[in-house]
Amino acid sequence: LQGESFALATIHRQENTDDRSRLSAIFEGLNEISRNTPVVMPLHPRTKAAISEFGIETEITLIDPVGYESMQHLLHFCELVITDSGGLQKEAYFHGKPCLVVRPQTEWVELIDRGLAQLVAADVRQLTASFEQMRNRLLNFDINLYGTDPGETIYSEIKRFLD
């Protein structure tokens, strides 16, 4: 994938992996996307077991789970993120990558409100249409959602509390 545009996907939440129709629809959507843009998915053990149990066919690039540094590398070079992970949504923001959130809601509503992430259903048409919309949208990741130095702010608050 060196020099090639790709989407980074992770799916692992129980509501997606334990429901055959939801998981099938998600992978159908990812397969459809991969016909024009490669999709790379570090495969969570729960997801691996579910696609095997349900006999789900996949055309995307499945890789073994990766550590933090490898995931940061993938985030840096991907074009867009497709995930049901709460943490990865925020990491996508820090890397300046648009994100499709395959969930009915998210903890990071500020990303949705500013159009940097979009909620999508486990639906082939919605997933593929949302992918095209997000990749063609001009997004402003210069918005500072979490302060200029959150580490210093957290430290100061902890120090103030302990004093």
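**Exercises on helix packing and burial**

Q72 is found in helix α4, which covers residues 68-77; helices (H or I, at least four residues) and strands (E, at least two) are DSSP runs, numbered from the N terminus. The model is predicted, with local features needing pLDDT of at least 70 and side-chain atom pairs counting only at pLDDT 80 or more, while totals for chains, interfaces and linings use all residues. Residues are numbered from 1 along each chain as its sequence is written, and side-chain values use heavy atoms, with hydrogens and water left out.

**Exercise 1. The surroundings of Q72**

Task: State whether Q72 is buried or exposed, and which residues Q72 touches beyond four places in sequence.

Solution. Begin with the accessibility. Buried means under 20% relative accessible area, exposed over 50%, and partly exposed in between (1.4 Å probe, protein chains only). Q72 has a relative accessibility of 16%, and therefore counts as buried.

Next, list the partners. Contact means heavy atoms within 4.5 Å. Once residues up to four places away in sequence are set aside, Q72 touches E91 and H95.

Finally, consider a distance. Between Q72 and L88 there are 16 residues of sequence separation and 9.8 Å in space, taken from C-alpha to C-alpha.

**Exercise 2. The packing of α4 and α5**

Task: Describe how the axes of α4 and α5 cross, and which residues make the contact.

Solution. Axes are lines fitted to C-alpha atoms, for helices over the stretch in contact, and angles run from 0 to 180 degrees between N-to-C directions. The axes of α4 and helix α5 (residues 86-94) cross at roughly 50 degrees and come within 10 Å.

To classify this angle, note that angles under 35 degrees count as roughly parallel, over 145 as roughly antiparallel, 65 to 115 as roughly perpendicular and the rest as oblique. The two helices α4 and α5 are therefore oblique to each other.

The contact itself joins Y68, M71, Q72 and L75 of α4 to L88, E91 and A92 of α5. By class, this contact of α4 with α5 has five nonpolar, one polar and one charged residues. Here Ala, Val, Leu, Ile, Met, Phe, Trp, Tyr, Cys and Pro count as nonpolar, Asp, Glu, Lys and Arg as charged, and the others, Gly among them, as polar.

**Exercise 3. From Q72 to H95**

Task: Locate H95 and name the residues that H95 touches.

Solution. H95 belongs to the loop between α5 and β5 (99-101). With a relative accessibility of 25%, H95 counts as partly exposed. Apart from residues up to four places away in sequence, H95 touches Q72, L75 and H76. As a distance check, the C-alpha atoms of H95 and F141 are separated by 8.7 Å, although the two residues are 46 apart along the chain.

**Exercise 4. The position of T17**

Solution. At 1% relative accessibility, T17 counts as buried.

**Exercise 5. The chain as a whole**

Task: Summarise the elements of the protein chain and its burial.

Solution. The protein chain contains eight helices and six strands. Starting at the N terminus, these elements run β-α-α-β-α-β-α-β-α-β-α-β-α-α. Of the 163 residues of the protein chain, 43% count as buried. The C-alpha trace spans about 60 × 35 × 30 Å along its principal axes.
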